[in-house]
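Student: I would like a close look at a single part of this model, the surroundings of the ligand. Please set out the criteria along with the values.

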Amino acid sequence: MTAQPDRIETRLLRAGSPPFDDGLAPVNVPVVRTSTVRFERHADREAAAQRRRDGEPVATYGRHGTTTHRALEAALAELEDANDVLLAPSGLAAISLVFLALLSPGDHVLVQDSVYGPVREKVEPLLSRLQVSFDYFDASQGPPLAQLRDNTRLIYVESPGSYVYEVIDLPAFARFADEHGVLLAADNTWSAGLLHRPLTLGADVSIQATTKYAGGHSDLMQGAVATRDADLARRLRDTYDGLGLSVSADDAYLALRGIRTLPVRLAQHARNALAVAGYLAAEPAVERVFHPARPGDPGHALWQRDFSGSNGLVSFALRGDHAQAVAFVDALRLFAIGASWGGYESLALIAQPSRLREQHYWCGAEPVVRLHVGLESPDDLIADLDQAFRRVLR
Ligand SMILES: *Cc1c(COP(=O)(O)O)cnc(C)c1O
């Protein structure tokens, strides 16, 4: 009889756990901080170096990480269904790593137009200096055949997209990329790896900012790049090593600790966000609510097909002007104003209008407020939103 494979919630609690040593073991992996690795004999060092050259993730130097890092990589590999994971000092560093590893001078990349803003603002200028050209596509029109060029090497997507959560047909993009011999990379931060598996759906590379839900406590900057293909893994690792990237053992520990409770935290964020989204949908000052787990959202059917759950992000377009949006977020008491998301606390932010203009998915003129719904009581959060609407817009 073959054993039933454990579900992801179970595997996440075991991944990277310290093995029993003489019959006993701590629950958690130790935080192993070191700048270098000591060898007893020269031959031991040579043997380890050879294994590393052969592609094994053997650490022969502090920059390569320690058992703490290997444990986090194992947990992220469970989340992403990956064979190989690289840890980066931030989500944006993980994205840049992928672009730098997979693109060379003269290459062309196609990027979804509702992508995380700093990809345009920071990564494009960096790659442009290296003679890589960028074009942005409207993902609602399907794979960008008309924009494909002979030198297109990479398609870069993010589903759901930033601010207004455009869900794309990822398997269709994967088939398209495959047919045309182009790589597909996906930013999987929204799902934290738990709710959506780009590699299983056909993407070549999955990226996430573990800063967000993996960390979960707003005390960490980190990113991860996951892949299954050994050749791609080697290309990514070569660039990673060339850039000298590494993350601290303390930060690796924090992300792993966060992952142990990721499923229960994310489920509660999702419940709270759905309650808040339901309240917002009935509020006369709200023009539109953006949240793919709500029936009626344009991405709902694709979300139902390709995702197993939702998170704490809810955005809405406000029937008002920018000054009223500012007064509204200033009137909130339980939502602090801040970028980022994925921590236990609620945050609000007015979406940068220039970034909204760059995407085709939603072209309204109203200001958009993005909420990250935290783990506070949803009743308290709704009461807070309600008093702010009453003060500013009613
Ligand atoms: C936050 C975020 C990033 C960047 O992560 P940092 O760790 O803040 O650099 C990348 N992609 C998406 C979708 C994000 O929300």
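Tutor: A residue is taken to be near a molecule or strand if one of its heavy atoms lies within 4 Å of it. By that criterion there are 14 residues around the ligand, and Gly91, Leu92, Asp187, Thr211 and Lys212 come nearest. The model is predicted, so local features need pLDDT of at least 70 and side-chain atom pairs count only at pLDDT 80 or more, while totals for chains, interfaces and linings use all residues. Residues are numbered from 1 along each chain as its sequence is written, and side-chain values use heavy atoms, with hydrogens and water left out.

The shell around the ligand divides into 6 nonpolar, 5 polar and 3 charged residues. In this division Ala, Val, Leu, Ile, Met, Phe, Trp, Tyr, Cys and Pro count as nonpolar, Asp, Glu, Lys and Arg as charged, and the others, Gly among them, as polar. Helix H4, residues 91-102, gives the most to the shell, with 3 residues. Helices (H or I, at least four residues) and strands (E, at least two) are DSSP runs, numbered from the N terminus.

Polar contacts are pairs of N or O atoms within 3.5 Å; within protein, one atom must be able to donate a hydrogen and the other to accept it, and residues adjacent in sequence count only if both atoms are side-chain atoms. A polar backbone atom of leucine 92 lies 2.9 Å from an oxygen atom of the ligand. Threonine 211 places a polar side-chain atom 2.6 Å from an oxygen atom of the ligand, and for a polar side-chain atom of lysine 212 the distance to an oxygen atom of the ligand is 2.6 Å. Taken alone, the ligand exposes 380 Å², of which the protein buries 91%. Such accessible areas come from the Shrake-Rupley method with a 1.4 Å probe; for residues, only the protein chains shown count as cover.

The ligand takes up the space of the largest pocket. On a 1 Å grid over the protein atoms alone, a pocket is an open set of points with protein on both sides within 12 Å along at least five of seven lines, whereas in a cavity a 1.4 Å probe fits but cannot get out; lining residues have an atom within 4 Å of a point. A molecule sits in either one if more than half of its atoms lie within 2 Å of its grid points.

The peptide bond from serine 159 to proline 160 is cis, with omega near -5°, and proline 160 is in the loop between strand S4 (152-158) and helix H6 (170-179). Alanine 192 is not a glycine, yet has a positive phi of about 60°; its place is the loop between strand S5 (183-187) and strand S6 (205-208).
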